Every structure is written in structure tokens, then in C-alpha cells.
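Please look over the notes below with the model open.

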Amino acid sequence: MNKNTQFGQIVNGYEIAVLNNREIRATAGIMFLMAFISLVLILSNGNFVPVKYVLSIFVVEFSTRLFINPKYAPLLIIGRMIVSNQNPEYVGSEQKKFAWFIGFTISLVMFFLLVVINTFSPITGVACLICLILMFSESAFGICFGCKIYRFIKKDKAQYCPGEVCDIKRKYEIQKISVKQLLVVFGLILFVALLFILFQKTFSLNPHNLFHSNP
């Protein structure tokens, strides 16, 4: 197979073509930041210009990954540059391809609605929220929801999943969560609830300039 058109890379010791999950996560973080800043600008002053640029970039990025070759996708190249000093973490390319089709579809729909016909609606809002959740989960936790769907659909074909979740194994001792730890999490939730009940009015006051007295 031509290496310029091959999806993924053949690496010694792996039965199928793989991708480097570290650069994928780095790229997801870049894309999340771009989308999040665009969303903030929309919510703060109704500026839709940045999101149109971002969506255009996303469509080009996903199109390059899926229909040309991931190694020529511009944001993935930037992600590779960022994590170039880290050992690669190989994951199966097929489930990533499926996940990227989901991202491509969402980006294309948003591109058509926001850029081509220049409209906004609850559809674009929900699509944006889904994108943010998917990209944040990928970058922060290494959780690829598209890969999970692929694994559910094609159980026998999913190999080398991120974090080795495709492999049947029991959790290591350091991964287990005790009752005491669950109580600590519950305590944090209770603490936030008490803050809301007792200090909501105080927290709602706008802060004043430290170096100028109130008029």
C-alpha cells in the first residue's frame, strides 16, 4: 500500500495500522481551546466571526485526516510537534477513523449552518456542546467516545484501544476507588452545595478594584 494514502502507520509488533494517541490528544486539546474561545466570544458579545474561521479549519482538518492521510492533517502535525519528545502511545487506526467521521459530520453540519447559510439555532448550540464534550474528554481524560461506539458495533475488530480498554483485565490496586474516597467526593459536592446556600448573595457581588476605594 502507498504510504502517502495509507491510513495509519505499520509499526513492528502491531498487527494493524496504528496512530500515536499522544499527538491525537494534544490536537484535541488545541481544537477544544479554539472552539471554547469562539464560544466565549459568542456568549460575551455575540461575535460569530472567530467560530466561522474555526469551523472552516475543522472541516479542512477532518477532511485531510479521512480522505487524504492523517500525517498531512495540519493540526495533527502541530500536535506531533508539541509531543515529539514523548514516547508514542499506539492505538488502532480503524476506531479513530470512525471517531473522526463523527467529528467530521458534526463539523460539516455546523459549517453549513453557520458559515454557508449564516444562521444559528439550537441545533448549532447542541452540536457545539457535543464537540466541546468530545474534545475535552479526549484531551483531558484520553476517553474517545467514538472509539467506544466503534468497539460496541464491531467488538471483534477493535484493537489497541486508548488506555488498553479493549483488553479484558482487572484493575490494579492503584486504580481502585475505596468507600473513603467516594465519601471525600461526596463531601466536596456537599461543600459546594453549602457554599451556594450560605454565600450565594455574597458571591454575586461584583468585586471592586483593590487599589481604589469604593465611591
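**Notes on the cysteines and a helix threonine**

1. Cysteine 147 is buried, at 4% relative accessibility. Buried here means under 20% relative accessible area, exposed over 50%, and partly exposed in between (1.4 Å probe, protein chains only). Cysteine 144 is buried as well, with a relative accessible area of 6%.

2. This is a predicted model: local features need pLDDT of at least 70, side-chain atom pairs count only at pLDDT 80 or more, and totals for chains, interfaces and linings use all residues. Residues are numbered from 1 along each chain as its sequence is written, and side-chain values use heavy atoms, with hydrogens and water left out.

3. Cysteine 144 and cysteine 147 form a disulfide (a pair of cysteine sulfur atoms within 2.5 Å). Their sulfur atoms are 2.4 Å apart. The count by this rule is one disulfide.

4. What is the handedness of this disulfide? The torsion about the S-S bond of cysteine 144 and cysteine 147 is about 70 degrees, so the disulfide is right-handed.

5. Cysteine 128 is in no disulfide. The nearest cysteine sulfur belongs to cysteine 131, 6.7 Å away. That is too far for a bond. Cysteine 128 is buried at 13% relative accessibility, and cysteine 131 is buried at 12% relative accessible area.

6. Threonine 64 lies in helix α2, residues 49-67. Helices (H or I, at least four residues) are DSSP runs, numbered from the N terminus. Threonine 64 is buried, with a relative accessible area of 11%. Neighbours within four places in sequence aside, threonine 64 is in contact (heavy atoms within 4.5 Å) with Asn69, Pro70, Tyr72, Ala73 and Pro74.

Key. Helices (H or I, at least four residues) and strands (E, at least two) are DSSP runs, numbered from the N terminus.
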